[in-house]
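This report covers a sheet, the helices packed around it and the nonpolar cores. Please look at the sequence and the model first.

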Amino acid sequence: MILKKSLIWISAALLFVGCQTNPFTGEKNLNFVSNDQLFPASFEQYNQFLSENDVVTGTAEANMVKRVGNRIETAAERYLNANGYQGFLEDFRWEYNLVKDDAVNAFAMPGGKIVFYTGILPVAENETGVAVVMAHEIAHALADHGAQRMSAAQLQQLGAVAGSIAVSGRSQETQEIFAQAYGLGTTVGVMLPFSRKHETEADRIGLTLMAIAGYNPEEAADLWRRMAAQSDGQAPPEFLSTHPSNQTRINNLQKWAPQAKAEAQKYGVTSFE
């Protein structure tokens with residue numbers, strides 16, 4: 001009983017001290033993993049990944065990936081400085097690399113480490129398409145989504161321990177039912193919606209960043225139509241996925257594009273590529 005109460009107090013304390021403000025949404029987000037803890041490990045893993053994969057350098061496509069990344073990085077810095085977040089990027093070490101792989105994918109690691117796979121370039125079709133993906137990935141890094149997921153996972157584990165203690169005196173059948181129900185409930189009811197929220201948030205932040213960088217946010221929905229065509233209808237139902245459905249994303253991107261353009265105009269951007 002003492003241990004159970006201690007776990008509850010620890011959870012409450014973590015929730016109290018572990019909230020940080022998202023500079024793009026103004027929302028308080030669960031995050032008790034500091035950049036000092038996270039970034040060095042992220043940079044090390046990124047370098048290891050590059051050493052184990054075929055990094056493309058010096059080509060027109062590799063140069064384009066770096067150019068787009070630099071433009072959106074500059075747009076992010078402009079936005080943050082204009083909204084009272086000077087120095088926010090101080091610990092970031094931006095890097096944009098193209099890796100030879102047929103996967104239709106790209107990813108961001110905490111601290112500004114971005115990878116594009118060559119397989120996504122035909123779907124992107126052009127520099128603006130690359131900007132849609134790049135802005136989305138940079139948004140993940142800026143919004144500390146990696147740290148938030150780590151924080152949520154730690155709380156999920158803590159909840160599992162507390163629940164196991166609570167049913168420890170019950171029958172083996174009861175304990176097994178709890179383990180199955182807790183795992184399914186926290187995954188479908190908490191962790192997957194948490195991940196979908198991050199994807200939606202990165203979509204919206206990304207639209208603003210690409211618009212400030214001078215890219216046309218109206219092309220984002222077209223990119224996701226092409227991505228939907230790649231999936232062949234094999235995606236799981238949205239509630240069982242870490243990502244929103246393709247149609248949900250397309251609808252959102254169409255709705256938000258005019259807002260992104262209006263925001264970019266505050267920074268003197270009047271034409272879009």
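Axes are lines fitted to C-alpha atoms, for helices over the stretch in contact, and angles run from 0 to 180 degrees between N-to-C directions. Helices (H or I, at least four residues) and strands (E, at least two) are DSSP runs, numbered from the N terminus. The model is predicted, so local features need pLDDT of at least 70 and side-chain atom pairs count only at pLDDT 80 or more, while totals for chains, interfaces and linings use all residues. Residues are numbered from 1 along each chain as its sequence is written, and side-chain values use heavy atoms, with hydrogens and water left out.

**Helix pairs**

The axes of α8 and helix α9 (residues 246-265) come within 9 Å and cross at roughly 170°. That makes α8 roughly antiparallel to α9, a label for angles over 145 degrees; under 35 counts as roughly parallel, 65 to 115 as roughly perpendicular and the rest as oblique. On the α8 side, Ala220, Ala221, Trp224, Arg225, Ala228 and Ser231 meet Asn246, Arg249, Ile250, Leu253 and Gln254 in α9; contact means heavy atoms within 4.5 Å. The residues of this contact of α8 with α9 divide into six nonpolar, three polar and two charged. Here Ala, Val, Leu, Ile, Met, Phe, Trp, Tyr, Cys and Pro count as nonpolar, Asp, Glu, Lys and Arg as charged, and the others, Gly among them, as polar.

Helix α8 (residues 219-231) also meets helix α5 (residues 127-142): their axes come within 9 Å and cross at roughly 85°. α5 and α8 are therefore roughly perpendicular to each other. Thr128, Gly129, Val132 and Val133 of α5 make the contact with Glu219, Ala220 and Leu223 of α8. The residues of the contact of α5 with α8 comprise four nonpolar, two polar and one charged.

**The sheet**

Four strands form an open sheet in the order β3-β4-β6-β5, with mixed pairing. Two strands pair if DSSP finds at least two bridges between them. The edge strands, β3 (55-56) and β5 (106-109), each pair on one side only.

| Strand pair | Sense | Bridges |
|---|---|---|
| β3 and β4 | antiparallel | two |
| β4 and β6 | parallel | five |
| β5 and β6 | antiparallel | four |

Val56 has Leu98 in β4 as its bridge partner. Tyr96 stands opposite Ile114 in β6, and Phe107 stands opposite Val115 in β6. Four of the five residues of β4 are buried, so β4 is largely enclosed by the rest of the structure; buried means under 20% relative accessible area, exposed over 50%, and partly exposed in between (1.4 Å probe, protein chains only). In strand β3, Val55 counts as partly exposed at 25% relative accessibility.

**Nonpolar cores**

A nonpolar core is a set of buried Ala, Val, Leu, Ile, Met, Phe, Trp, Tyr and Cys residues joined through side-chain atoms within 4.5 Å. The largest such core has 58 residues, of which Ile72, Phe116, Met134, Ile138 and Leu142 touch the most other members. Its largest share, ten residues, comes from α5. Apart from this core lies another of eight residues, including Tyr46, Phe49, Phe107 and Tyr117.

Leaving aside neighbours within four places in sequence, the contacts of Phe116 include Val65, Asn97, Leu98, Val130, Val133 and Met134. Val55 and Phe116 are 61 residues apart in sequence and 9.8 Å apart in space, C-alpha to C-alpha.
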